[in-house]
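Here is a briefing on one protein chain.

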Amino acid sequence: MGRSGRYWTESEVMQPSVMSSDMDTIRLGADDAGVAAAARLLGAGKLVAIPTETVYGLAADARNPEAVAGIYRAKDRPAHNPLIVHVSDLAMARKFAHFTDAAEALAAAFWPGPLTLVLPLRKDAGLAQAVTAGHSRVALRSPDHPAAQAVLAAFGGPLAAPSANPSGRISPTSADHVLDPAAGLGGRIAAVLDAGPAAVGVESTIIGWDEDDKPLILRPGGLAADRIAAVLGQMPGAATGQETGQNPPAPGMLASHYAPDMPLRLNAATPLPGETWISFGAGENGLNLSQTGDLAEAAGNLFATLRKADALGLPIAVAPIPMRGLGVAINDRLARAAAPRPVAKT
Ligand code: TXA
Ligand code: MG
């Protein structure tokens, strides 16, 4: 019997990959049976959260309009915010978008990996319209995680997958985060494939190109800008948010996102009395992003640490994080977590 009191069906009990069932959302093991079960559910149009190297994604068949509509419903995601399509590799990606030389070079250098490319959608792509929110460009990424790759191979098609969190909340870096009935999607999705904590910890870097073919970072993320610049031979610009018309940069990059319940104070040299302190570097007590001041380690710990701090129910203060390498993505997420919240929906 699941924790919510629902009795498992006979086929679920017979399914060796089922680890537990939480409020009707099944936790699958990241073994062959779990991967096969995930692919079967996806083929039936169901929603399955899958591990990637960045964060857990909420996957659905990108060609199935009902399945894609289910993603927006489960996350309560605004309809104008398009989804990243996950592919096995460049060969699969070419079915959905027109690749320029620059895009080919980036995919060759960094796929599979934490890089998303926003490219012109092919007319014959066959993706559900809601995946691109009606735009003429599609975001594509090949994830660097054995379980994600195994699900893609078993499923044999493109998977639309935003981060597996309710819209506006902190992204999940573990299956427990996904299943959390309050701050997660437990009970709203068919299953989560549990492969342990995500290694990179912040979402992929998103690159697009403006009308003059100048590369733009639409979202800083798990791949540092200087590594992209080394391949492109130029530093990509930063999207200003002023780009309008048919293809706004990354509609999901609204000011307030990744919102914990507690207020967040940034660049805090020391905590004030009554604050939960998140530090960076040696010699600090309490929650720490990296004792050695390692930015990759800090990115890996960021979202889990924010959740832990939030659960303590006190205002949160975060130490300054250097603005270099992965620090750019960390500071971006922290700034959004600290931004004023929109008025709550009633
Ligand atoms: O690491 C990641 O990218 C994770 C894992 C699961 O792959 N996914 C992820 O998805 O972060 P999501 O939906 O949480 O964020 C995707 C961002 C949003 O800001 C969205 O607006 C933008 O990508 N995006 C998606 N399609 C786009 C498009 N066609 N043009 C511009 N921006 C797009
Ligand atoms: Mg997200």
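The crossing of helices α9 and α10 is left-handed. This is a predicted model. The protein chain holds 10 helices and 16 strands.

**The chain overall**

- Of the 346 residues in the protein chain, 55% are buried.
- Take the contacts in the chain with a separation of 6 or more: 63% of them come from residues 24 or more positions apart.

**Helices α9 and α10**

- Helix α9 covers residues 295-311, and helix α10 covers residues 327-338.
- Their axes come within 9 Å and cross at roughly 20 degrees.
- Angles under 35 degrees count as roughly parallel, so α9 is roughly parallel to α10.
- On the α9 side, the contact is made by Leu295, Ala298, Ala299, Leu302, Phe303 and Leu306.
- On the α10 side, Gly327, Ile330, Arg333 and Leu334 make the contact.
- By class, this contact has 8 nonpolar, 1 polar and 1 charged residues.

**Strand β4 and its partners**

- Strand β3 (residues 48-50) pairs with β4 in the antiparallel sense, over 3 bridges.
- Within that pairing, Ala49 has Leu58 of β4 as its bridge partner.
- A hairpin links β3 to β4 through 6 residues.
- Strand β4 is also joined to strand β8 (residues 159-160) by 2 bridges, and these strands run antiparallel.
- Here Asp61 stands opposite Leu159 in β8.

**The open sheet of β13 to β16**

- This open sheet has 4 strands, in the order β13-β16-β14-β15.
- The pairing in the sheet is parallel.
- Which strands lie at the edges? They are β13 (264-265) and β15 (287-288), and each pairs on one side only.
- Strand β14 (residues 276-279) pairs with β15 in the parallel sense, over 2 bridges.
- Ser279 stands opposite Asn288 in β15.

**A general point on pairing**

- Strands of a sheet pair through backbone hydrogen bonds, and the pairing is either parallel or antiparallel.

Key:
Residues are numbered from 1 along each chain as its sequence is written. Chains are lettered from A and ligands numbered from 1 in the order in which they are written. This is a predicted model: local features need pLDDT of at least 70, side-chain atom pairs count only at pLDDT 80 or more; totals for chains, interfaces and linings use all residues. Side-chain values use heavy atoms; hydrogens and water are left out. Axes are lines fitted to C-alpha atoms, for helices over the stretch in contact, and angles run from 0 to 180 degrees between N-to-C directions. Angles under 35 degrees count as roughly parallel, over 145 as roughly antiparallel, 65 to 115 as roughly perpendicular and the rest as oblique. A crossing is left-handed if the near helix is turned anticlockwise from the far one by less than a right angle, and right-handed if clockwise. Contact means heavy atoms within 4.5 Å. Ala, Val, Leu, Ile, Met, Phe, Trp, Tyr, Cys and Pro count as nonpolar, Asp, Glu, Lys and Arg as charged, and the others, Gly among them, as polar. Two strands pair if DSSP finds at least two bridges between them. Buried means under 20% relative accessible area, exposed over 50%, partly exposed in between (1.4 Å probe, protein chains only).
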